[in-house]
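Let's take a friendly walk through a protein model together. Have a look at the sequence and the 3D view below, and keep them at hand as you read.

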Amino acid sequence: MPDVDAHAFDPHVYKDADVVAGLQAKIASLADEIGRPVKLMHICGTHEHEMGRFALRDLIPDTIEVLAGPGCPVCVCDNEYVNLAIQLSLRPDTIVTSFGDMLAVPGSIPLEGERRGDVRMSLLDARAEGGDVRTVYSVFDAATLAQENPDKEVVFFSVGFETTVVAVAAMLKRGVPDNLSIIEANYYTPPATNLLPTLDGFDIEGFILPGHAVTITGLRVYEHLPEQGIACAAGGFEPADVLVSIVALLEQIRDGTPRIDNPYNRLVKYDGNEKAKRELDEVFELAPIRWRGIAEIPASGYKLRPAYRRYAATDRFAGHLETLDLAGAEHPKGCRCAEVTLGQIRPDECGVFGKLCTPDAPYGPCMVSHEGTCRAWYLFGMGKEKIHVEVA
């Protein structure tokens, strides 16, 4: 069995079965050394998806629990933006473009005549009512659509974390058609991780940092976490990537020395991608934004700077939209996505999970996106039957 060093991980063997078995054994050994239950959290929906796809929770002891945090941009996108996109899509001569998984996310506009529960309108419902809603894979597709339809307003529903926002910044900086605007549902992760340890009942001891986002931002921006007693490790997305991150966290917890480890160093630099950060900073500035189910968090959103405000949909259509009084309608009644997003409950502890809420008919946002925790749990059977795997 190979000896595993989390700090000198060879990226070429991240799918090797022997390495995975070695990591499994290392985690079991560290869990024995620690000798008590430990809760860890990842902050990336892709981590949750891959943990389910490869049944990685079945490879770690029951005393080590890995929970999902607010790492799905579709799930944390506030109703304000969904409602805005729906209203814009119903305007004449306006095309709203979005990533496919955003189309099924309910906002807070009641859906009349619905057959089940407290169901709200989504962009798919808006399309059914005649709205022009189109799926795109990037802001580049939206810009092309704007170029091909000069007589229409094209709105790109920009939902995402750092990796998505940097592409938008690059596109705007290089010039787009005047009839293109964006909905600024852009989220910056570090302030949210700063908030989590301050919440009542928070008992997470280590974070697997989001591998995609830290490729842009780097790790220095998370230095507040070890100062708050939280162990940290950058996490890639292959089975060995995830497991070696858990090893790194458990080593820190065993030794009582929280710090930031970088076992994903084949892609992540401590100070991030300097060119990408410069482009982000040139086009966007940090501002408060509401994270659905969590709070409005200062300096956690990317808003267009004054020089680029002409591309902001909120400014372009100001005064042409109905004011919606939908306060307090963050999630449908009975939906516990807020608690799932904060790692306070598992998806199968929600009363509507798998019943009223399924991937074919999502009731709450965490069941919509492939990065949503509830969808991953439903698709991969987590919480239904734990497969026992012996450590050799």
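Predicted model: local features only at pLDDT ≥ 70, side-chain atom pairs only at ≥ 80, totals over all residues.

Two strands count as a pair when DSSP finds at least two bridges between them.

**Strand 8 and its neighbours**

In strand 7 (residues 206–210), G206 stands opposite A231 of strand 8. The two strands run parallel and are joined by five bridges. Strand 8 also has a partner in strand 9 (residues 260–261), again parallel, with two bridges between them. Here A233 stands opposite D261. To get from strand 8 to strand 9, the chain passes through helix 11 (residues 239–255), and this β-α-β crossover is left-handed.

How many of the five residues of strand 8 are buried? Five of the five are, so strand 8 (residues 231–235) is largely enclosed by the rest of the structure. In a regular strand, side chains alternate between the two faces of the sheet. Strand 8 is covered on both faces: A231, A233 and G235 are buried on one side, and C232 and A234 on the other.

**A closer look at L40**

L40 belongs to strand 1 (residues 38–42). Is L40 buried or exposed? Its relative accessible area is 0%, so L40 is buried. Leaving aside residues up to four places away in sequence, L40 touches I64, E65, V66, L67, I204, G206, I246, L249, L250 and I253. Another is I64, 24 residues from L40 along the chain, with 7.4 Å between the two C-alpha atoms.

Nonpolar side chains tend to be buried together in soluble globular proteins. In this model the largest nonpolar core has 72 residues, and F157, I183, F207, L209 and W291 touch the most other members. Which helix gives the most to this core? It is helix 4 (residues 79–89), with six residues. I183 shows what such a position looks like: beyond residues up to four places away in sequence, I183 touches Y81, L84, A85, L88, V155, F156, F157, S158 and A313. Another core, of 30 residues, lies apart from the largest one, and A142, L172, I182 and V283 are among its members.

**Aromatic rings**

Across the whole structure there are nine aromatic pairs. Here are two of them.

| Pair | Distance between ring centres | Angle between planes | Arrangement |
|---|---|---|---|
| F161 and Y187 | 6.5 Å | 75° | edge-to-face |
| Y188 and Y302 | 5.6 Å | 70° | edge-to-face |

Where do the partners sit? F161 is in the loop between strand 5 (153–160) and helix 7 (162–174), while Y187 is in the loop between strand 6 (180–186) and helix 8 (190–195), 26 residues apart. Y188 lies in the loop between strand 6 and helix 8, and Y302 lies in strand 11 (residues 295–304), so this pair ties together parts that are 114 residues apart in sequence.

F161 has a relative accessible area of 10% and is buried, and Y187 is buried at 0%. Y188 is buried with 13%, and Y302 counts as buried at 6%. F161 and Y187 also form one aromatic cluster together with W291, a residue you met in the largest core.

**T217, a neighbour of Y188**

T217 is found in helix 9 (residues 211–217). With a relative accessible area of 6%, T217 is buried. Apart from residues up to four places away in sequence, T217 touches E162, Y188, Y222, D271, G272 and K277.

**Cysteines without disulfides**

A disulfide is a covalent bond between the sulfur atoms of two cysteines. How many disulfides does the structure hold? The number is zero. For C335, the nearest cysteine sulfur is that of C337, 3.4 Å away. Because a disulfide needs sulfur atoms within 2.5 Å, C335 is in no disulfide. For C350, the nearest cysteine sulfur is that of C335, at 5.8 Å, and C350 is in no disulfide either. C335 counts as buried at 13% relative accessibility, and C350 is buried with a relative accessible area of 9%.

Definitions and conventions: Residues numbered from 1 in each chain as written. Heavy atoms only, no water. Helix = DSSP H or I, 4+ residues; strand = E, 2+ residues; numbered from the N terminus. Buried < 20%, exposed > 50% of the residue type's maximum accessible area, 1.4 Å probe, protein only. Contact = heavy atoms within 4.5 Å. Right-handed = clockwise from strand over helix to strand, strands pointing away. Core = buried A, V, L, I, M, F, W, Y, C linked by side-chain atoms within 4.5 Å. Phe/Tyr/Trp six-rings, centres within 6.5 Å; stacked < 30°, edge-to-face > 60°.
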